Each structure stands twice: as structure tokens, then as C-alpha cells.
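Please look through the sequence and the fold below before reading on. The paragraphs that follow move from a single side chain to the cores, the helix packing and the loops.

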Amino acid sequence: MLFFAYKIENGMAFLDEEESRHLLTVLRRKPGDAVQITDGQGLIYETELAEAGKKLAVAKILKKIPQPDERPMRLHLAIAPTKNADRFEWFLEKAVEIGVDEITPLLCHRSERKNLRHDRLEKILVSAMKQSKRAVLPKLNDLSHFEKVVKNATETQKFIAWCSDDATPPHLKTVLKPNLAALILIGPEGDFTSDEVFLAKNAGFQEVSLGAARLRTETAGVFAVAVGNLIYDF
């Protein structure tokens, strides 16, 4: 089982209260026991539990475990949270398991959910990272207005996926290039408005399709993340 350390310092790994409780109370680990820990920054460590306080466990780092390289592309997904909170949390879990670097909850004109519990979502990311034995914790941004995200985008590749009735944009898999940072926009249940698409295109975003089927928001997000992880050979 993999644990997450919020701080690595002077050869020691520090677990927060929740991680410590699970390690010490649920699993009943004791000083001297082996514990595998990640820092969420790409490293996994073999450690030995050194301190077992009620609210803080501290482990001594014994060695680093080499990890396979992540995808050469930095993948950023900006997606409108679904009205049903469970579906958005499902998306977050699956996106982390597949592999994503940054997620921005997107507030659009047709968004039905306009409030999020950031602390809860962070816990879901940490849990998914540990469960999938990944060593990178994706960056989760605050809920952000569509216009702000579009105007401040710095990625080399910028895409907006939406269901166009007037044209057939290219499929994401045919235009997404490896080794270049990419931002993909996924809209709410009612999709982006024509004004939002116009704004994105003027800011350098390319329209893309995710296939002939009309996907739910959370499914579209997972599909886009999967495409971003499959466009190059491992």
C-alpha cells in the first residue's frame, strides 16, 4: 500500500493526520515497519516508520524507487463540473488513474454546478494516486471562469471539444501532438455556447471532436485524458 507524504525533509517523510491514522490505527503499523511513500512529485520511497504519534507519523527514508517516465507531454484538462457531484468525482478518480498533470474546474455560461469543495476533491486525487500507484499528484486549480482560462492559457497546443452541428472538426487523436504541452477544454452538460467557442477560437484554440457519439461531460473528460496518454509509444 502506498502512502502520501505532505513533506519530505532531511531524509524524513511526514504524513498528515488522516494518512497517519490509516497507517497506525487501521493497519496497526509500528516503529520499524516498512512503509512505501510517495511525495506526489514523481518519487516513491522505501521507508521505515520512525515515529508513531496520534496525529503524525514520521518515516525514515531508506531508498528511492526509480519510476517509469511519465508521458512526454504535459496534459492539462479544463472541464466543467457536472451537476451530479458524484460524476465529477468519478472523472477526477479515473483521470488520475490514467494520467493527467493539471485539472481546472471550468465555470461556463451553461454550468449547473457553481460551487466545489476543493478539500474533498484534493482527497479524491490523493486517493486515486495511491490506489493506482502513481507518483505524481496532479495540480487541481480552483473553479475558474471560462474567459479567464482561455485568455491565460500558455500551452503550445490548445483545443476545445464540443458537439458542432454545422461542421465536423478533426478528431482529437489526429491533431494532438506528443512532446508538446496541451490544454483541452470540456464543456458542461449543455455544452459550450457559440460565443464561448468563438472566444476560444480567437484565442488560438482549435475545435476538435471526440467521436461520433455524444458523450457525457465526465465521459468526455476521461476519453480526452486517455487519448492524451495513447498518442505516443511507451
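Leaving out residues up to four places away in sequence, E218 touches T82, R87, W90 and F91, where contact means heavy atoms within 4.5 Å. E218 is found in helix α7, helices (H or I, at least four residues) and strands (E, at least two) being DSSP runs numbered from the N terminus. With a relative accessibility of 7%, E218 counts as buried; buried means under 20% relative accessible area, exposed over 50%, and partly exposed in between, with a 1.4 Å probe and protein chains only.

This is a predicted model, in which local features need pLDDT of at least 70 and side-chain atom pairs count only at pLDDT 80 or more, while totals for chains, interfaces and linings use all residues. Residues are numbered from 1 along each chain as its sequence is written, and side-chain values use heavy atoms, with hydrogens and water left out.

F91, one of the residues touched by E218, is also among those with the most contacts inside the largest nonpolar core, which has 35 residues. A nonpolar core is a set of buried Ala, Val, Leu, Ile, Met, Phe, Trp, Tyr and Cys residues joined through side-chain atoms within 4.5 Å. The elements that give two or more residues to this core include β7 (75-79), α2 (85-98), α3 (118-131), β12 (182-186) and α7 (217-230), and α3 gives the most, with 6 residues. L172 is another of the residues with the most contacts inside this core; apart from its neighbours within four places in sequence, L172 is in contact with F159, I184, V208, S209, L210, A224 and V227. A second, separate core of 15 residues includes A78, A153, V197 and A200.

How do α2 and α3 pack, and at what angle? Their angle is about 35° and their axes are 8 Å apart, the axes being lines fitted to C-alpha atoms, for helices over the stretch in contact, with angles running from 0 to 180 degrees between N-to-C directions. On the side of α2, the residues that meet α3 are F88, E89, L92, E93, V96 and E97, and they face R120, L121, I124, L125, A128, M129 and Q131 in α3. The residues of this contact divide into 8 nonpolar, 1 polar and 4 charged, where Ala, Val, Leu, Ile, Met, Phe, Trp, Tyr, Cys and Pro count as nonpolar, Asp, Glu, Lys and Arg as charged, and the others, Gly among them, as polar.

L56 has its place in the loop between β5 (44-52) and β6 (57-65), and at 33% relative accessibility L56 counts as partly exposed. Although L56 and L15 are 41 residues apart in sequence, they are 6.1 Å apart in space, C-alpha to C-alpha. Setting aside neighbours within four places in sequence, L56 is in contact with Y6, F14, L15, S20 and E51.

Most residues other than glycine have a negative phi. N10, in the loop between β2 (7-9) and β3 (12-15), has a positive phi near 50°, and at 74% relative accessibility N10 counts as exposed. N179 lies in the loop between α5 and β12, where its phi is near 75°, again a positive value in a residue other than glycine, and N179 counts as exposed at 53% relative accessibility.
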